[in-house]
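Please look over the sequence and the structure below before reading on. The notes after them go through a few features, topic by topic.

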Amino acid sequence: MEIEYMDFLSFEPSTIVGTLLNALILFWVIKHFLFDKVNAVLKQRNDEVAKTYEDADTALNNAKSMETQYMEKLSSAKEESAEIVKNATKKAQVRYDEIVSDAKDDARGIIDKAGSDIEREKKRAVNQIKDEISGIAISIAQKVVKKELDSRAHEQLIEDFIGEIGDAT
Amino acid sequence: MDNFTINGPRVVFKFTVGDYTVRITETLFNSWIVLIIVSLLVIWLGSRLKKVPVTKKQAVAEMAVNFMNKLVDDNLGIGLRLYYAPYLAAVFILILAGSLLSLFGFRAVPSDVSFTGTLAIMTFFMILYNKIKYNGFGGYLKGLASPAVLTPFNILSEFATPVSMAMRLFGNLSGGAIITSLIYAALAGASAAVYGLIGIVADNYYFSFLQVGIPAVLSIYFDLFSGVIQSYVFIILTLAYIKNGKE
């Protein structure tokens, strides 16, 4: 069979149609078997990297918010303890004042009682002394006048006399 | 020497459908080889991908995909990579692998104007689609007639774009092939002359020793370098025209 050549510059319809089909087939093969797959893998990887970054950011934010939360709690605890101490101090102060004023009242009561006791004792002692003096005076007078006196009338007399003395003292 | 001819692609086989003869040329046949090899390579590259890359294979695949994605993002803006990136990759690899086939003694696929013309027409329609999509059909027509005097030139330049793209690729690759075969023929002649000088009668089956080594250097330029550069230029131009069409 003789070898047949095309012309050097020739348009052969079967070559044109065949080349068109070849290009389309190759396009489809490259798109479907290489580009789509590689793009999918790259997208997956990018998504994962983005997700990792996002997770890290979230974790960081969480840590930060927790830190501020703890700081707030810590400072509020400090305030609370200061408050407690203050309250306790105030209460103690109140209690102290109470005790002191009670003690003062007690002491005043005791002093008053002691004063009135003393006064009463003094009165009793004075009365006793008056009685004794009047008795002595009566006995002196009995001895002096050697005569039984109307004790009641004279007693009155002597008491007046002693009362004058007592008032004078 | 005297029978040196420059041929188009060889017809590998042909069959008739009714009155019409379908010729399957070397170009189409070779691009099928490219299609099969590249498809297998691509399927292998895209298989068993892990979220955390452990294989070099995956690193290569990701690098290639990222490169194309970035190219599209940089030129066309974000959000268009879904279809443009694999399309440009397909065109790039088709041209590149097609020209690298010449390293293995096959005819370079892009040295057929039917092939480059088809790719250029695809690009042309893509540019047209983008122009109409972003400017509206009326806006597109208005753009063509914007300085009214230049309307014919504008229309001409619309069609000049795919023609220039097709011819650039075709000219570079087929030119390289022609130069390479010219050099081969010249070196064969030079070998024969050297044989004649030292008294050996050269027949058709002598060994052209000068053909060893020297063409390899040219092959590195015309097949490898030119193929890589031209396939890259093609997709960059496609991107640039589409970007231009969007504005």
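This is a predicted model: local features need pLDDT of at least 70, side-chain atom pairs count only at pLDDT 80 or more; totals for chains, interfaces and linings use all residues.

Residues are numbered from 1 along each chain as its sequence is written, and chains are lettered from A and ligands numbered from 1 in the order in which they are written.

**The strand hairpin of chain B**

- Strand β1 (residues 11-17) of chain B pairs in the antiparallel sense with strand β2 (residues 20-25) of chain B over 6 bridges, where strands are DSSP runs of E with at least two residues, helices are runs of H or I with at least four, and both are numbered from the N terminus; two strands pair if DSSP finds at least two bridges between them.
- Within this pairing, B:Phe15 has B:Val22 as its bridge partner in β2(B), and B:Val17 stands opposite B:Tyr20.
- The two strands form a hairpin with 2 residues between them, and B:Gly18 in the turn has a positive phi of about 65°.
- Of the 7 residues of β1(B), the number buried is 0, so this strand lies largely in the open; a residue is buried if 20 or more other C-beta atoms lie within 10 Å of its own, exposed if 12 or fewer, and partly exposed in between, with C-beta atoms placed from the backbone.

**A loop residue of chain B**

- B:Arg48 lies in the loop between α1 (26-45) and α2 of chain B, and its phi is near 50°, a positive value in a residue other than glycine.
- B:Arg48 counts as exposed because it has 10 C-beta neighbours inside 10 Å.

**Helix packing in chain B**

- Two packed helices are described by the angle between their axes and the distance between the axes; the axes are lines fitted to C-alpha atoms, for helices over the stretch in contact, and angles run from 0 to 180 degrees between N-to-C directions.
- Helix α2 (residues 56-76) and helix α3 (residues 81-100) of chain B pack at an angle of about 120°, with their axes 9 Å apart, and are therefore oblique to each other; angles under 35 degrees count as roughly parallel, over 145 as roughly antiparallel, 65 to 115 as roughly perpendicular and the rest as oblique.
- Residues of α2(B) including B:Met68 and B:Val72 meet residues of α3(B) including B:Tyr84 and B:Leu88, and the residues of this contact divide into 7 nonpolar, 1 polar and 2 charged; Ala, Val, Leu, Ile, Met, Phe, Trp, Tyr, Cys and Pro count as nonpolar, Asp, Glu, Lys and Arg as charged, and the others, Gly among them, as polar.
- Helix α4 (residues 113-144) and helix α5 (residues 151-197) of chain B pack at an angle of about 155°, with their axes 8 Å apart, which makes α4(B) roughly antiparallel to α5(B).
- By class, the contact of α4(B) with α5(B) has 12 nonpolar, 6 polar and no charged residues.

**Where chain A and chain B meet**

- The contact takes 35 residues from chain A and 40 residues from chain B, two residues being in contact if their C-beta atoms, placed from the backbone, lie within 7 Å.
- On the side of chain A that touches chain B, the residues divide into 20 nonpolar, 8 polar and 7 charged.
- B:Ala90, found in helix α3 of chain B, counts as buried, with 27 C-beta neighbours inside 10 Å.
- Leaving aside its neighbours within four places in sequence, B:Ala90 is in contact with A:Ala23, A:Leu26, A:Phe27 and A:Ile30.
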